[in-house]
Amino acid sequence: MIDTETRPERRAARTLIERRRAEASALLATDAARAALALHGTPLLLLDPERVRRQYRRLRDALPFVRFHYAVKALAHDAVIGALDDVGSGFDIATGEELDLLTRRGIAAARIIHTHPVKKPSEIVAALAAGVRTFVVDNEVELAKFSDAPADVSLLVRLAYRSPHAKSDLSSKFGVGPFEAARLVEQAKRRGLRIAGFSFHVGSQLDDPARFADAVSETLALMDDLERRLRVRFDTLDIGGGFPVAYDTPSATVEEVATRLRPILEPHAGRLDIIAEPGRVMVAEAMTLVTSVVGVAERGDGRWYYLDDGVYGSYSNVVAEDVHPLVFAEEELRDGPSNAASHRWATLGGPTCDSSDVIAREVLLPELAVGDLLVSPAMGAYTAVTATRFNGRALTPIAVMGRGLTTGEVTAVAASDRRTVSIV
Ligand SMILES: Cc1ncc(COP(=O)(O)O)c(C=O)c1O
């Protein structure tokens with residue numbers, strides 16, 4: 001039977017995998033990657049800040065009237081902050097530690113927004129002292145924490161939109177519905193606090209631009225309704241993060257999401273300050289993980305390869321987010337996908353002495369031996385930042401490739417992160 005429905009999807013998936021393979025192959029062939037591997041061995045994360053800059057420009061081109069604030073939590077790394085500082089990005093923080101990372105680099109407070117809906121009082125004090133003026137709230141207790149805040153503080157009320165199809169539906173932990181939102185606006189008014197507008201997060205890795213567009217429309221309608229009913233005026237709309245990344249299957253591109261959002265947002269661009277907080281899409285493709293095989297075993301369920309990084313380390317996204325990173329053997333990068341006949345199905349285990357540390361099952365790979373390299377692309381978001389030191393293992397170092405990595409030019413990048421190694 002001809003499976004007409006899935007054929008184009010399969011073709012698109014194959015195209016994506018081939019593109020990722022070609023990119024990983026080009027990366028591994030660079031002098032910078034070779035030098036980094038020779039120096040540090042594996043596991044090693046290769047970070048290309050130029051790709052972060054490129055992704056920022058892509059978002060700006062797709063939605064030129066939106067001010068983008070990079071969600072630092074996705075990859076809190078000096079080289080990423082530096083790259084985004086260069087191109088004029090704003091920054092979105094959730095903690096005092098993230099604020100410190102930015103202020104150490106001299107990022108002006110005017111470029112920073114604090115969007116954690118529930119903050120430690122001392123962190124609010126520190127952020128205010130540093131000059132941050134935009135914060136998110138979603139409950140009365142949080143609102144009260146701003147009672148003595150300076151008059152120029154802008155508060156955004158976080159709304160909740162259910163996103164059961166997102167990898168990470170953020171609406172159960174944070175956010176309010178329209179009724180509670182109205183109450184918070186009234187309470188703020190009584191306290192003399194300024195609610196500048198609303199924020200939401202449609203859910204991380206939500207591959208559904210229509211749902212994103214609905215959330216924008218619903219928020220705009222709510223703002224309109226509250227302005228009329230409560231006689232207030234809003235000036236800010238924060239559309240959050242959530243832009244998806246194509247890991248092992250294609251997902252909506254930045255441009256496709258923008259095509260849905262643009263006609264809804266653009267008419268309001270003059271009246272509202274429209275901001276966004278993308279994290280994942282900004283950094284995922286900028287970092288690549290290189291591991292090596294440390295063990296091979298034949299078990300009841302077939303071949304197992306044990307790698308020197310796993311789900312308690314850089315592959316933390318597998319468990320925390322149900323992401324399925326692609327894994328290429330070095331041989332496939334060199335010889336291309338044509339050798340698939342000699343491949344066999346395998347399970348990939350991580351390095352800890354723990355049976356949950358399984359990176360992937362049923363991965364088609366060539367015959368591998370101890371010491372062989374494996375490469376996972378798109379490992380920049382929610383990987384290194386969520387890694388643990390379980391079993392006493394060191395965190396995987398991040399090698400920062402200088403500007404022009406893809407053209408083979410290698411330069412040094414200053415590093416303050418203790419895991420960072422610079423390639424000179
Ligand atoms: C408040 C807030 N803003 C932005 C982000 C970044 O979202 P994403 O990485 O999906 O773009 C997150 C992610 O959890 C978040 O909680």
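**View A. Asp273 counts as partly exposed, at 29% relative accessibility.** The model is predicted, so local features need pLDDT of at least 70 and side-chain atom pairs count only at pLDDT 80 or more, while totals for chains, interfaces and linings use all residues. Residues are numbered from 1 along each chain as its sequence is written, and side-chain values use heavy atoms, with hydrogens and water left out. Asp273 has a salt-bridge partner, Arg67, with the closest N and O atoms 2.5 Å apart. This pair links distant parts of the chain: Arg67 is in strand β2 (residues 67–71) and Asp273 is in strand β9 (residues 273–276), 206 residues apart. Helices (H or I, at least four residues) and strands (E, at least two) are DSSP runs, numbered from the N terminus. Arg67 is partly exposed too, at 40% relative accessibility. A salt bridge needs a side-chain nitrogen of Lys or Arg within 4 Å of a carboxyl oxygen of Asp or Glu. By this rule, the count is 28 salt bridges.

**View B. Arg280 and Glu321 form a salt bridge.** Their closest N and O atoms are 2.6 Å apart. The pair joins distant parts of the chain: Arg280 sits in helix α11 (residues 280–283) and Glu321 in helix α12 (residues 316–321), 41 residues apart.

**View C. Arg344 forms a salt bridge with Glu298.** Here the closest N and O atoms are 3.2 Å apart. Again, distant parts of the chain are linked: Arg344 belongs to strand β13 (residues 344–349) and Glu298 to strand β10 (residues 287–299), 46 residues apart. Arg344 is partly exposed, with a relative accessible area of 28%. Glu298 counts as partly exposed at 49%. Elsewhere, salt bridges that share partners join Arg19, Arg20, Glu23, Arg51 and Glu285 into one network.

**View D. Helix α1 (residues 7–29) has 23 residues.** From its first C-alpha to its last, α1 reaches 33 Å, close to the 33 Å expected at 1.5 Å a residue. The expected span is 1.5 Å times one less than the number of residues. Which residues of α1 are buried? They are Ala13, Leu16, Arg20, Arg21, Ala24, Leu27 and Leu28. An α-helix has 3.6 residues a turn, so residues three or four places apart point the same way. The cover over the buried residues of α1 includes α2 (31–40), β1 (44–47), β10, β12 (328–329), α13 (330–335) and β15 (373–376).

**View E. Helix α8 (residues 178–191) has 14 residues.** α8 reaches 20 Å from first C-alpha to last, close to the 20 Å expected at 1.5 Å a residue. Its buried residues are Ala181, Ala182, Leu184, Val185, Gln187 and Ala188. Among the elements that cover them are α7 (140–144), β6 (154–159), β7 (195–200) and α9 (209–230). Just after α8, Gly192 takes a positive phi of about 75°.

**View F. Helices α3 (residues 49–62) and α10 (residues 254–265) cross at roughly 25°.** Their axes come within 9 Å. Axes are lines fitted to C-alpha atoms, for helices over the stretch in contact, and angles run from 0 to 180 degrees between N-to-C directions. α3 and α10 are therefore roughly parallel to each other. Angles under 35 degrees count as roughly parallel, over 145 as roughly antiparallel, 65 to 115 as roughly perpendicular and the rest as oblique. The crossing of α3 past α10 is right-handed. Gln55, Arg58, Leu59, Asp61 and Ala62 in α3 meet Val254, Glu255, Ala258 and Arg262 in α10.

**View G. Gly279 lies in the loop between β9 and α11.** Gly279 counts as buried, at 5% relative accessibility. What does Gly279 contact, leaving aside neighbours within four places in sequence? Tyr70, Ala71, Ala74 and Tyr382 are in contact with Gly279, contact meaning heavy atoms within 4.5 Å. The C-alpha atoms of Gly279 and Gly241 are separated by 6.4 Å, with the two residues 38 apart along the chain.

**View H. Ala394 is in the loop between β15 and β16 (398–400).** Ala394 is exposed, with a relative accessible area of 59%.

Definitions and conventions
Buried < 20%, exposed > 50% of the residue type's maximum accessible area, 1.4 Å probe, protein only. Left-handed = near helix turned anticlockwise from the far one by under 90°.
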